[in-house]
Amino acid sequence: MSETTSTNVEKKLPLNGRRAIPPNNSNDEENEVPEMEAFGLIPRGFNPRDYLRVEDIYMFKEPHEINKQEHHTDKYYNPKLIVRRGQPFQIQIYFNRPYKPETDQFWLEYLMGRYPQQNKGTYIPILVGNVLKPGQWGAKIIHRENNSIRLSIMSSTTCIIGKFRLYVAVWTPFGILRTRRNSATDTYILFNPWCQLDAVYLDDEKEREEYVLNDVGIVFHGNVEDIKSRSWSYGQFEENILDACLFLMDKAELELSGRGNPIKICRVASAVINSRDDNGVIAGSWNNTYDYGVAPSAWTGSVDILLEYYSSKQPVRYGQCWVFAGVFNTFLRCLGIPARLITNYSSAHDNNANLRLDFFLDDEGKVDTRLTKDSVWNYHCWNEAWMTRPDLPVGFGGWQVVDGTPQETSDGMYRCGPASVQAIKHGHVCFQFDAPFVYAEVNSDIFYTKMEKNGTQVIESIDTTHIGQLIVTKEVGGDGMRNITEEYKFREGSDEERLALETAVMYGVKKQSIRDTTYQPQTDVDMDFLAQKAVLGNDFKVTITFRNKSRNSYTATTYLSGNIVFYTGVTKNEFKKHSFSAKLEPSSSSSFDIVIKSSEYMSDLLEQASFHFFVTARINETGKILAVQKATVLEIPTLRIKTKGELVAGKEMSVIVEFTNPLKQTLENVTLRLEGPGVLRTIQKQFGRIATNSTLTWEVKCIPMRPGLRKLIASLTCDALRHVYGELNVQIQKP
């Protein structure tokens with residue numbers, strides 16, 4: 001755009017009848033600030049050099065200096081000053097002569113965006129006073145020496161989050177003299193979980209270290225009976241990540257004036273993390289083909305994804321729920337909002353928030369895939385962010401569910417949250433945002449319904465305990481698992497649970513009463529199903545056990561269907577069908593084993609090696625049906641990581657990754673990834689093939705930058721085998 005056209009645009013702006021100035025929603029854009037702002041005509045003899053003039057500003061912005069130390073921002077790999085709001089920081093100003101408070105008058109100006117305005121919090125003039133008031137903008141002189149003064153500056157506890165430009169303005173009788181635009185004095189201001197007046201204040205130091213400052217985390221996956229875990233590198237302090245996270249808010253077009261509010265930031269971020277409807281960060285793919293992109297299981301952390309998006313401005317391919325949650329966690333922690341990654345096992349993906357998942361059975365008692373639309377995810381990952389909720393009644397602050405995985409639209413966009421965990425637990429789902437959806441994810445019941453020939457529906461059985469069996473997160477200060485199910489729901493079957501459910505129904509969560517349909521369960525026979533733990537590529541057995549509590553003899557026509565499924569519970573195909581007749585003696589138990597051969601499942605296996613078994617049994621004498629479903633996950637081989645050489649910051653060391661192929665087939669087009677925040681940047685390498693039982697070894701040389709306990713994370717991916725991980729804790733010594 002040439003000069004002339006751009007000035008024409010400038011002139012035309014006020015003619016917009018909707019608003020005097022365009023929306024101010026980019027932290028990156030700037031306005032021009034005059035170095036001399038004259039009050040009127042300037043007399044001929046005026047020489048700006050006769051007045052107080054700023055020669056230099058020293059920001060105390062090095063990681064070891066006072067500001068970054070006191071503000072817990074010394075880990076950010078960023079040369080500029082980064083402080084947290086509501087807490088004083090220091091700068092030193094050098095003038096051309098000693099400062100005389102009687103006659104000299106100067107002030108500071110912090111500006112953000114293209115159209116700074118004082119009432120919007122994007123233009124902040126700060127006069128120097130004698131006292132700093134907690135939680136309000138202000139500055140006072142704490143030291144004077146020769147031509148310099150040292151200031152202590154307090155920012156507001158509701159101040160906008162982002163990058164401010166700093167100017168020092170000096171008053172003269174004929175106009176205001178300002179310092180030149182100098183990007184070295186730019187100041188990032190972040191949320192402050194250490195400050196009691198901040199909306200994200202968290203009172204426990206150990207929790208702040210975990211939920212704000214820890215740059216590595218754990219993702220729990222697998223299923224309830226077989227919990228698996230892997231590390232994820234959040235990397236919120238790595239180079240350019242802070243700018244990339246601020247860019248996400250520009251991309252979401254969040255007005256600058258709204259960026260001091262963690263509720264607004266979470267809501268827009270949950271939409272921009274996924275690419276649906278706004279070209280956001282990650283494109284989801286659940287169909288096992290990942291052309292022109294990276295398989296979701298191959299990512300080891302968030303840094304590559306955010307940096308690629310920041311430079312290309314195009315969605316990064318591909319993600320699934322833990323990738324969305326990992327990147328969202330990086331975003332939140334980077335801006336200073338305490339956050340953690342949550343896994344809900346047996347998560348209901350129900351399309352109309354009616355607390356009921358319907359599985360339809362045909363005449364033989366098999367699940368009818370044509371009619372069954374609902375699915376149970378083996379697990380689903382989301383995030384919790386910690387904040388007060390002044391928009392809700394007292395008691396609903398604290399952890400809030402936010403979810404960047406695109407599942408359902410909310411107010412017209414694919415986003416979810418923030419929804420108060422406390423409100424979900426007590427059934428108060430009337431409080432914004434998206435609480436009914438999350439309530440259904442952890443509380444739905446499974447209805448097994450048989451379609452009769454005449455079109456009537458008969459409910460054969462109801463499973464009230466399968467969904468949301470276990471909700472977990474990483475423990476504070478360790479790599480173990482913390483069970484937080486009790487934070488989302490009362491104990492199954494307790495009075496409180498009933499009350500919470502009635503409250504949720506009262507607030508509009510739809511729950512069909514059993515009275516609408518005919519339902520008499522078979523109470524005197526129980527059926528249970530167990531799958532043996534199995535390693536990928538091996539045979540394993542499953543066991544069906546009946547317990548006949550009555551005094552009658554029964555025969556049960558039993559049907560087992562084994563399906564290879566996506567972790568979302570959606571079936572790819574049925575690989576095993578088996579039916580048999582079981583004789584049930586009175587008052588006794590009987591077990592039946594079925595062998596699953598590797599040849600039956602290997603050719604169609606999906607990347608998370610997940611199976612889903614449906615077992616239905618019809619008691620011939622009574623016509624009643626028993627139904628049970630179970631997910632099971634195979635053991636996937638792991639990578640081995642070791643180090644060679646001294647582990648000292650600034651010295652070269654080697655990292656060695658090894659993998660032995662346990663499958664009865666050659667692996668082709670294998671990609672290895674390795675990363676470790678503070679030790680090495682992510683690197684990846686292609687290998688052509690790994691024959692059966694042969695071992696691949698990859699050695700990488702690196703120079704660790706930061707001392708302390710660090711984690712190395714590696715992943716292997718190829719078409720035949722995914723979700724292969726390895727990790728190693730390393731203690732890097734100080735030089």
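**View 1. Contacts of Glu492 in the predicted model.** Leaving aside neighbours within four places in sequence, Glu492 is in contact (heavy atoms within 4.5 Å) with Thr464, Thr465 and Glu497. Glu492 is found in the loop between α10 (485-488) and α11 (495-506); helices are DSSP runs of H or I with at least four residues, strands are E runs of at least two, and both are numbered from the N terminus. With a relative accessible area of 37%, Glu492 is partly exposed (buried is under 20%, exposed over 50%, partly exposed in between; 1.4 Å probe, protein chains only). This is a predicted model, in which local features need pLDDT of at least 70 and side-chain atom pairs count only at pLDDT 80 or more, while totals for chains, interfaces and linings use all residues. Residues are numbered from 1 along each chain as its sequence is written, and side-chain values use heavy atoms, without hydrogens and water.

**View 2. The residues that UniProt lists as "binding site".** The annotation, from an unreviewed entry, names Asn443, Asp445, Glu492 and Glu497; UniProt positions follow the numbering used here, feature names are shortened, and annotations may be inferred rather than shown by experiment. These residues span 55 residues in sequence, but no two of their C-alpha atoms are more than 13.6 Å apart, so they gather at one spot. Asn443 lies in helix α9 (residues 435-443) and counts as buried, at 16% relative accessibility. Not counting residues up to four places away in sequence, Asn443 touches Ile467 and Lys489.

**View 3. The residues annotated "active site" in UniProt.** In the unreviewed entry, this annotation covers Cys321, His380 and Asp403. They are spread over 83 residues of sequence but cluster in space, with a largest C-alpha distance of 10.0 Å. Cys321 has its place in helix α7 and is buried, at 0% relative accessible area. Beyond neighbours within four places in sequence, the contacts of Cys321 are Trp286, Trp377, Tyr379, His380, Cys381, Thr405 and Tyr567.

View 4. Asp403 is buried, with a relative accessibility of 2%. A polar atom of the Asp403 side chain lies 2.9 Å from the backbone nitrogen of Thr405.

**View 5. Crossing of helices α4 and α7.** The axes of α4 (residues 241-251) and α7 (residues 321-335) come within 10 Å and cross at roughly 105°; axes are lines fitted to C-alpha atoms, for helices over the stretch in contact, with angles from 0 to 180 degrees between N-to-C directions. The two helices are therefore roughly perpendicular to each other (65 to 115 degrees; under 35 is roughly parallel, over 145 roughly antiparallel, the rest oblique). Ile241, Leu242, Cys245, Leu246, Leu248 and Met249 of α4 make the contact with Thr330, Phe331, Cys334 and Leu335 of α7. By class, the contact of α4 with α7 has 9 nonpolar residues, 1 polar and no charged (Ala, Val, Leu, Ile, Met, Phe, Trp, Tyr, Cys and Pro count as nonpolar, Asp, Glu, Lys and Arg as charged, the others, Gly among them, as polar).

**View 6. Buried residues of helix α6.** In α6 (residues 303-312), Val303, Ile305, Leu306 and Tyr309 are buried. Their cover includes α4, β14 (282-284), β15 (316-319) and α7. Just after α6, Lys313 takes a positive phi of about 60°.

Definitions and conventions. A polar contact is a pair of N or O atoms within 3.5 Å; within protein, one must be able to donate a hydrogen and the other to accept it, and residues adjacent in sequence count only if both atoms are side-chain atoms.
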